[in-house]
Amino acid sequence: MNLSKIAVVRPIATAMIILLFIILGLISQSKMRIDLFPDLKVPVVIVSTKFDGVSPREIEEQVTKPLEKILATVPNIDSVTSQSQQGQSTITLNFKWGSNIESCVANVRDRIDFSKQFMPENTPSPTILQFDPTELPIVQLAIENKVHNSEKIKDIIEKEVLSSLQKIKGVASANIEGVHETQYVLELDSKKLEQYNLTYEALKFILLSKSIDAPAGNISEGNTNIPLSINSSFKSKQQLLNTPIPSKAGIITMGDLGTINVKKITKNYLSYLNGKESVGISIFKQNNTNPVKISADIEETIKKLNNSLPYNLKINKVYDESIYINQSIKTVYFSMLTGGLLAGIVLFLFLKDIRITLIVFLTIPLSVIISFIGMYAFDQYINIITLGGIALGIGMMVDNAIVIIENIYSKIKKGRDIKEASISGSIEVQGPMIASTLTSIIVFLPLAFIDGLSAQLFRPLAIVVALAQFTSLVISFTLIPLFSGKIFKENNLTTKNGKFTWIINFYTSSLEWALKKRNIVYLGTLITLFASIAIAPFLKTEFFPHQDQSFVIIRSKIPNGLSLETMDNKSKEIVKTISKIDEITNIYSTVGGVTSVSMLEQVLQNEANFYVILKEKKYRKRSDTQIAEEIRKTLSEIPNLVADVTPSDPGFFDDELKLRLTSPSPSILNKSGDQIFELLNENPNLRNANNSNAKKQSVIKLSLDDKKTSLYGLTSPIIAKQLSDYTKGTIVTKIKDDDKNIPVLMKFIQNHNRLTEEFLYEIPIYTQLNKYIPLQDVAVLERGDENSTLSRNNLEKDLIIKAEIYNSTVGEIKKEIEDKIENIEQKYNGRLKVEWLGQISQMKEAFSQLSFVLGLAVIFVFLILAAQFESLLVPFVILFSIPVIAIGVIIGHLIFNIPLGVGSIIGILMLIGVVINNTIVLVDTILSSFKKSNNLEQAIKTGAPKRLRPIVMTAVTTILGILPLIFGVGEGVEMQRPMAVVILFGLISSTFISLYLIPCLLYSLRNKISGVIK
């Protein structure tokens, strides 16, 4: 039974079903989580190996290269890149899109287990990380250290704060940072060890043997077995110093060989809030949880803790991701509301009846609410992409309702009974309406055949738009016939066209002229189209628009070799300098490592990083990019400081400008890298240029005398181990103090603040001849510089150059510099290869894939139309409404100065469905009239004006529905604006031109059309 007939015959049952779906929709919406972006499953696995004290060159040879060879054999690998730095190897495995990431991780783990037999002895086990761009802290807290006793602060935070935060549902972990810990340092006198003929290894063995916690079997007591264990540990410093040590002079104590001092060490790095010492807490959420709900629970927990913490400690919220999410979602909701109201006003101006307007307008909120059921069923959730899709489709949701209401009204005007007119008027247009809605939905189907970041971002949008369109169709088939008897009870609507009559008259007369001057219409369309296409190369291009998330990240460093204290003082100067900027609310800084928003931490004493929180967008006149530029200029005046300043970023895009250089010659690689690096630095629109080979670090290498080492029974590993013990020391035991196990670091006394070359020569080395010799007897020291980072790609050495773009786009920058880079490449006669990576590569791939999607969408639309009209010619004519979209799209981008990007192409995809909808209604009406009159010219002259009013109404409501997304301000609008501009201007150009072009094409093909229809 037909839905429209059911709605008319059984109005109460229909109303109850609609009410049921409204309730289910509201329940579904309440259960859906809220996040910023859709879930992104990036097929990237990172293998990180920390090997403290090992130089980049040794890391590369001992760890990176062996692991690379093994990991390169993992199935579905797309590329393998690596970085070898001081004490750390990082290998990034990029898998093919669509790969099962869990299976990839399992395969990587198997390969690593297999590789251990080929790795050098004592190499630490690698850590496997699955890259997830959304797994960043959702909340960053800072607690000002008013007590100046880090141990006490740490105890309070761990026992009261962390435990409370980790109990919150959805919190995966809460990590503490920026605290000091107590460590005992047992400093040995090397001369006394030499005097008693003792070795470092012997002392280490004795201390380890004195500190044991191990099982020792069981004893029987009646019918019970009681476990027995040995627990031997040091209870005090004095006990450790009294430890007996056998020597050639008899039994001595550890106190005869050295002393114990208490030392404060930084576990990871120093932490500050607005220049004041603080303890940071990074809070991470579990996968597939609601960050907004979690942040609200964290806020409640913080309020309770602030009222109960001792020493007037106060937890400060530095960053809260949910604030930006809520603001972005509110902005889109406001745009939806505003767009819906504008559409309602337009409906009233056209329909001139508040009752009709309200009924048609109701399709918008009902379609949105009921769409939530489908979203919940398809495991989608509310974010700026899915919600933006609904906002973009607000005006489209009334299209079907307008067509039905117009057709029902036309039946009533002819004297039909209201019920009969409601049923027949609805059924009559169901065919073209179903076809037009299917075209709106099917244009998104090709997204299933592509992969990559853009596909993952916009597939949820496609699902939501399709759901909203389908829901609006069903609502139109039921709601409009249901209320037709009420709104048309008083049949006094003959003047409803009102002022629109003159528009119909003008269109009728101008259409008659166009049919006579068809060649002028064709030529004018072609000239306009080709002129627009000729302008297209001048459009700016970008991957995705930048989003202002109200924060700036600063990564700063001072020259290598300077102490952590020096960097600490420099960081305070930085905070004092940038605090004067009015738009800044908080500055969270870490000294000696990376900020908590980075995935991999590496403690570097000459680096400091700053997380600068800005006021909300509505409270400042400048963008985050402009503020970042001021910070950059300000910091450039501080001597001996290099600072990279980056405005907010969603975290899952690649570097804006990234180049990879490969060459069989290291000298060519270095020389060309310097040339390209200088080229980027000269460009006024590039910032933070970075050459992976430019970072140098001072190194001291030992050249061993083979004859002398053999004479003393020494080998390279033995000497390296003794030097490490001497310069770094080893944790040998623990001392239990107040229920705490405090580690004891055993090392040699160093009477120098810094390890000078002269001091290194004097380091005593214990030989196989049971005596000590100075290091200078067997080695020569060589001082030099080497790259602090060694990068490789697919098992070959490469060089990476990066930069950030300011006041320009990736497309413009590429045009500016690609010829110059090609000239540098050609100078080396094929021995140098420069590859464009970063967002330029992402943009190229996305444009290629989405172009394929557009082409496939047109084919799918043709198939649907051919099935509907049972003709191959009619769909061919209808498809001519698609190319003219380009005219409006190009003009719109020029007027608003918006770069053409991935969002623009998705907008075109959405627009194809809208444009085809209007054209289907137009052509179907003309052909229906032709079947009755058998005169195509007359059918065009009567049918086209008949459908002018609903076509114009749907176009105007769609246009006004998206205006708030174009002119709106606030968080999150950057992603929707390109799509909105495309729909606005593309719909204007396509609607206006198609109203003349399509009838003219039908008339020109009248002989063939007549044969097909008959």
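User: Which residues make the nonpolar surface patch?

Analyst: This is a predicted model. In it, Ile12, Met16, Ile17, Leu19, Leu20, Phe21, Ile23, Leu24 and Ile27 make a nonpolar surface patch of about 830 Å².

User: What makes Leu24 partly exposed?

Analyst: Partly exposed covers the range between under 20% (buried) and over 50% (exposed) relative accessible area. Leu24 has 37% relative accessibility, so Leu24 counts as partly exposed. Leu24 is found in helix 2, residues 11-31.

User: How do you know that Ile859 is partly exposed?

Analyst: The relative accessible area of Ile859 is 46%. Exposed would need over 50% and buried under 20%, so Ile859 is called partly exposed. Ile859 is found in helix 25.

User: Why are helix 14 and helix 25 called roughly antiparallel?

Analyst: Their axes cross at roughly 165° and come within 9 Å. Angles over 145 degrees count as roughly antiparallel, and therefore helix 14 and helix 25 get that label. Helix 14 consists of residues 418-442, and helix 25 of residues 838-869. The crossing of helix 14 past helix 25 is right-handed.

User: What makes helix 30 roughly antiparallel to helix 31?

Analyst: The axes of helix 30 (residues 948-967) and helix 31 (residues 973-1004) cross at roughly 160° and come within 9 Å. The cut-off is over 145 degrees, so helix 30 is roughly antiparallel to helix 31. Here the crossing of helix 30 past helix 31 is left-handed.

User: Why is the contact between Glu68 and Arg792 called a salt bridge?

Analyst: A salt bridge needs a side-chain nitrogen of Lys or Arg within 4 Å of a carboxyl oxygen of Asp or Glu. For the side chains of Glu68 and Arg792 the N to O distance is 2.7 Å, so the pair meets the definition. Glu68 lies in helix 3 (residues 56-71) and Arg792 in strand 28 (residues 789-793), 724 residues apart, and the pair links distant parts of the chain. Glu68 and Arg792 are both buried.

User: Why are Lys293 and Asp297 separated by about one helical turn?

Analyst: Lys293 and Asp297 are four residues apart in helix 9 (residues 291-306), so about one helical turn separates them. They form a salt bridge, with the closest N and O atoms 2.8 Å apart. Lys293 has 48% relative accessibility and counts as partly exposed. Asp297, with a relative accessible area of 22%, is partly exposed.

User: Is Asp320 buried or exposed, and how do you know?

Analyst: Buried means under 20% relative accessible area. Asp320 has 8% relative accessibility, so Asp320 counts as buried. Its side chain meets that of Lys317 in a salt bridge of 3.0 Å, N to O. Lys317 has 26% relative accessibility and counts as partly exposed. Elsewhere, salt bridges that share partners join Glu201, Lys204, Lys721 and Asp725 into one network.

User: How many salt bridges does a search of the whole structure find?

Analyst: The search finds 23 salt bridges.

User: How many of the residues in the protein are buried?

Analyst: Buried residues make up 54% of the 1014 residues. The secondary structure comes to 32 helices and 30 strands.

Conventions
Residues are numbered from 1 along each chain as its sequence is written. This is a predicted model: local features need pLDDT of at least 70, side-chain atom pairs count only at pLDDT 80 or more; totals for chains, interfaces and linings use all residues. Side-chain values use heavy atoms; hydrogens and water are left out. Patches are made of residues with over 30% relative accessible area and no salt bridge: like charges are joined within 9 Å, nonpolar side chains (Val, Leu, Ile, Met, Phe, Trp, Tyr) within 5 Å. Accessible areas come from the Shrake-Rupley method with a 1.4 Å probe; for residues, only the protein chains shown count as cover. Helices (H or I, at least four residues) and strands (E, at least two) are DSSP runs, numbered from the N terminus. Buried means under 20% relative accessible area, exposed over 50%, partly exposed in between (1.4 Å probe, protein chains only). Axes are lines fitted to C-alpha atoms, for helices over the stretch in contact, and angles run from 0 to 180 degrees between N-to-C directions. Angles under 35 degrees count as roughly parallel, over 145 as roughly antiparallel, 65 to 115 as roughly perpendicular and the rest as oblique. A crossing is left-handed if the near helix is turned anticlockwise from the far one by less than a right angle, and right-handed if clockwise.
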